[in-house]
Amino acid sequence: MGRSRLEDRPVDNKPIDRQVLPFRRRWHVIAEVDLAPLLADHAAVRRMCRSVEALADRLADVPGPEERYAVADQIERCIRDHVTITSAFLERMFAGQDLAFGGGLLTRILLDQIADGVHAEDVIEALRVDVLDPGSVETLGYMLRCLFDSCRRALDFEELALLSLGGPRLSRDAREALEHVLDTSAAGAAA
């Protein structure tokens with residue numbers, strides 16, 4: 001038997017053309033343990049809101065600087081931690097994903113945090129005066145109420161956005177944890 005024509009051809013050892021494939025994140029199930037730091041942070045923000053609301057309710061009695069400074073410190077720490085924790089969570093869970101409409105939700109969360117941060121700075125400055133001018137009590141009360149109201153709404157929006165964006169990625173326990181926090185928040189607002 002003779003050799004085939006293919007055997008007579010020289011072997012071309014040309015390297016394989018390599019393509020760079022875009023990195024695609026592996027689909028990650030969001031478990032309750034993933035949500036734990038975020039939900040703990042949301043609980044801290046809600047406690048801060050209760051402190052701010054309680055101070056607003058007592059402004060007519062002109063609280064002393066120690067109490068006002070303590071609430072100002074709590075606001076500052078809480079808002080800073082909230083931005084850090086939320087940003088880290090969203091980056092870890094959603095970075096690199098092509099979200100059909102989720103980009104707008106994530107942008108809204110960021111914009112709400114910026115607005116609350118700016119408002120918090122104004123409130124902190126107003127609280128950290130040595131002597132509270134009786135003429136500014138009404139304005140300070142309004143500022144405090146706007147801050148805690150806005151923060152509570154932002155938390156509810158974040159949790160609803162996570163329910164939507166997480167969708168089927170949320171484990172049953174994670175979904176139930178988010179739903180429980182929202183139910184508890186709504187019940188607290190109605191009281």
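A pocket, on a 1 Å grid over the protein atoms alone, is an open set of points with protein on both sides within 12 Å along at least five of seven lines, whereas a cavity is a set where a 1.4 Å probe fits but cannot get out; lining residues have an atom within 4 Å of a point. Volumes are the space filled by probe spheres set on the points, which are joined across faces, edges and corners. The model is predicted: local features need pLDDT of at least 70, side-chain atom pairs count only at pLDDT 80 or more, and totals for chains, interfaces and linings use all residues. Residues are numbered from 1 along each chain as its sequence is written, and side-chain values use heavy atoms, with hydrogens and water left out.

| Space | Volume |
|---|---|
| Largest pocket | about 360 Å³ |
| Largest cavity | about 70 Å³ |

Of the 14 residues lining the largest pocket, R46, R50, T184, S185 and G188 are the closest to its centre. Two or more lining residues come from each of α2, α5 (137-166) and α6 (172-190); α6 gives the largest share, 7 residues. Helices are DSSP runs of H or I, at least four residues, numbered from the N terminus.

The lining of the largest cavity includes V45, H82, D112, D116 and C151. Helices α3 (65-94), α4 and α5 each supply at least two residues of that lining.
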